[in-house]
Amino acid sequence: MRKSAYIFNDGELTRKDNTVCFESGGRKNYLPIEDINDIYIFGEVTVSKKFLEYATQKQVLLHFFNYNEYYVGTYYPREHYNSGYMILKQAEHYLDSGKRKIIAHKIVEGSIKNILQVLKYYISRGKTEINSIYVKIQELLDSLNPTMDIEAMMAIEGTVREIYYHAFDIILDNEDFVFDKRTRRPPQNNLNTLISFGNSILYTVVLSEIYNTHLDPRIGFLHTSNHRRFTLNLDIAEIFKPLLVDRTIFTLVGKRMLSAKHFDRKTSGIVLKDDGRKIFVQEIDNRLKTTINHKKLGRQVSYRHLIRMELYKIEKHLIGEQDYEPFVSLW
């Protein structure tokens, strides 16, 4: 599987033969285009029409973030795997309330089950204070069913998250990373900054994986397809947030790889400094590359490939080949 490239400095992206050339401060770095799946751009980077044509030809996505770590948008090359049949099936399952609820229910179920797995892991590591949180979330999971309105499903998931976030302070036990309450755009403390930044990265990772399937990213099932350009990536990201974003945060803070010195307070809120941003991106990239033993396949599979497999399962469900069951971690 091709890898992601990350650009943090200001500069210019150009094509040089069969490579991507990034020039910054008089220095040039070259990356073989065939090895790149997508490019994450955090600095002020200039790209030309010619380079975008090259990216389209090589099926490379470009994800742009501004100085505050906010996701700005994606250069999404002309779809090369799009299937009219699959798009019709997506639309059919979105417009049919019953069919949509079945998929939405499974997505929420998968998300909550993975949250429970994360809590179970830390309980086994001695954080027994979160037992009561685990019980409350299990009760909410038991109340979830595929016949309820999607708004009700999302309300349950929202309540689960609210309860789950109380466990962060217990797991982290770090005065520089206190949850308090969930704040977005702008995040009002260090922990909220990490959550928002990590979620944005995961949304783009899933979007890149959708590009390599027959699915259309504009048609989701849990999140409403409206004026947002993409929604399916938001759906699938819900399943993997606990395993990829939250566990990345717990690792970085728990091992003191990130501290208060890596953050800046701006009028817009709290932002990661450049060195903190690089540390976070490197760790989540490492986690995406981490492999687990997939019992059904009988081989090692990376977390990034698990996301691709999740999308393949959605495809199979849409065409009636196999009922969709979300990935749930076993550890």
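**Pocket, cores and salt bridges**

Helix α9 supplies the largest share of the lining of the second largest pocket, 8 residues. This is a predicted model: local features need pLDDT of at least 70, side-chain atom pairs count only at pLDDT 80 or more, and totals for chains, interfaces and linings use all residues. Residues are numbered from 1 along each chain as its sequence is written, and side-chain values use heavy atoms, with hydrogens and water left out.

Q: What makes a set of points a pocket and not a cavity?
A: The work is done on a 1 Å grid over the protein atoms alone. A cavity is a set of points where a 1.4 Å probe fits but cannot get out. A pocket is an open set, with protein on both sides within 12 Å along at least five of seven lines. The second largest pocket has a volume of about 600 Å³; a volume is the space filled by probe spheres set on the points, which are joined across faces, edges and corners.

Q: What makes a residue part of the lining?
A: An atom within 4 Å of a point. The second largest pocket is lined by 24 residues, with H294, K296, M309, K313 and F327 nearest its centre. β11 (291–294) and α9 (303–318) each give at least two residues to this lining. Helices (H or I, at least four residues) and strands (E, at least two) are DSSP runs, numbered from the N terminus.

Q: Why is D38 called buried?
A: Buried means under 20% relative accessible area, exposed over 50%, and partly exposed in between (1.4 Å probe, protein chains only). D38 has 0%, so it is buried. R304, at 6%, also counts as buried.

Q: How do you know that D38 forms a salt bridge with R304?
A: A salt bridge needs a side-chain nitrogen of Lys or Arg within 4 Å of a carboxyl oxygen of Asp or Glu. The closest N and O atoms of D38 and R304 are 3.0 Å apart, so the pair qualifies. D38 lies in strand β5 (residues 36–41) and R304 in helix α9, so the pair ties together parts that are 266 residues apart in sequence. D38, E209, R304 and R308 are linked in a network of salt bridges.

Q: What are K89 and E92 separated by in helix α2?
A: About one helical turn, because they are 3 residues apart in helix α2 (residues 84–95).

Q: What makes a set of residues a nonpolar core?
A: They are buried Ala, Val, Leu, Ile, Met, Phe, Trp, Tyr and Cys residues, joined through side-chain atoms within 4.5 Å. Of the 85 residues in the largest one, L119, I137, L194, F240 and I307 touch the most other members. Helix α7 (residues 232–254) gives the most to this core, 12 residues. A second, separate core of 15 residues includes I7, I33, Y54 and A55.

Q: Which residues is L222 in contact with, leaving aside its neighbours within four places in sequence?
A: Contact means heavy atoms within 4.5 Å. L222 is in contact with residues including R100, I107, M154 and D235. L222 sits in the loop between α6 (190–211) and α7, yet it is buried, at 0%.
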